[in-house]
Every structure is written in structure tokens, then in C-alpha cells.
Amino acid sequence: MNDTKPHNPKPDAIRNARLAVGLTQTEAANVVRSSLRGWQQWEASDRAMPPGLFELFMLKTNQWPLDHKADDST
């Protein structure tokens, strides 16, 4: 995995990622199938966002490219 991807996203990173694509908290929560309250807690630092959900959000909003690896199985 790319070392620039945070393993434990900070609330500012979560908020900035959402704002970068112009989504409301409700819309962002829907992207990862979360509740609005859950998203609010992640941005407020009341609860830690699971790293996998942050990665999913970043991938689904095209902020991180998918890693393409050559298929060596022939």
C-alpha cells in the first residue's frame, strides 16, 4: 500500500476529504453507507473512523487512484 495513505485518519483529514469533493456530511456518509451521526462523530473526533472506510471514501470519490498491478499469472 502507498505510504502516503493514513492508517488512522485524523478528523481534519476526514473533513478536508469531504470538502474537497463538495459533499455534505449526509452525502459523504451515504458514500460509505454510514449514518450521518457516525460521520459527524468522525469529524468531531468523538470516534475514530475505521481506516478501511476512509480508504473506501477516498477511492469512491476518486481522490486516490486504484493500485494497478501487473497480472503475472499466465
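Me: What does the accessible surface of the chain come to, and how much of it belongs to carbon and sulfur atoms?
Reply: In this predicted model, the accessible surface of the chain comes to about 5100 Å². Carbon and sulfur atoms hold 50% of that surface.

Me: How many of the 74 residues count as buried, as a percentage?
Reply: The share is 28%. To be counted, a residue needs a relative accessible area under 20%.

Me: Which elements does the chain have, and in what order do they run?
Reply: There are four helices and zero strands. From the N terminus on, the order is α-α-α-α.

Me: Why is Trp39 called buried?
Reply: Its relative accessible area is 0%. Buried means under 20%, so Trp39 is buried. Phe57 passes the same test, because its relative accessible area is 0% too.

Me: What makes Trp39 and Trp42 an edge-to-face pair?
Reply: Take it in two steps. The ring centres are 5.7 Å apart, and a pair needs centres within 6.5 Å, so the two rings pair. The planes are 70° apart, and over 60 degrees counts as edge-to-face, so that is the name for this pair.

Me: Where in the chain do Trp39 and Trp42 lie?
Reply: Both are in helix α3, residues 36-43, and they are three residues apart, about one turn of the helix.

Me: Why is the pair of Trp39 and Phe57 called tilted?
Reply: The centres are 5.1 Å apart and the planes make an angle of 55°. Planes under 30 degrees apart would be stacked and over 60 edge-to-face. Ring pairs join Trp39, Trp42 and Phe57 into a cluster.

Me: Which residues have the most contacts inside the largest nonpolar core?
Reply: They are Trp39, Phe54 and Phe57, in a core of 13 residues. Two or more residues come from each of α1 (11-20), α2 (25-31), α3 and α4. As a general rule, nonpolar side chains tend to be buried together in soluble globular proteins. Phe57 also has contacts beyond its neighbours within four places in sequence, among them Ala17, Val21, Leu23, Ala28 and Trp39.

Me: Which residues of α3 are buried, and which helices do they pack against?
Reply: Gly38, Trp39, Gln41, Trp42 and Glu43 are buried. The buried residues of α3 pack against α1, α2 and α4.

Me: What is the phi of Arg33, and what is that of Ser45?
Reply: Phi of Arg33 is near 55°, and Ser45 has a phi of about 65°. Both values are positive, and neither residue is a glycine. Most residues other than glycine have a negative phi. Ser45 is found in the loop between α3 and α4.

Methods: Residues numbered from 1 in each chain as written. Predicted model: local features only at pLDDT ≥ 70, side-chain atom pairs only at ≥ 80, totals over all residues. Heavy atoms only, no water. Phe/Tyr/Trp six-rings, centres within 6.5 Å; stacked < 30°, edge-to-face > 60°. Buried < 20%, exposed > 50% of the residue type's maximum accessible area, 1.4 Å probe, protein only. Core = buried A, V, L, I, M, F, W, Y, C linked by side-chain atoms within 4.5 Å. Contact = heavy atoms within 4.5 Å. Areas by Shrake-Rupley, 256 points an atom, 1.4 Å probe, with all protein chains shown as cover.
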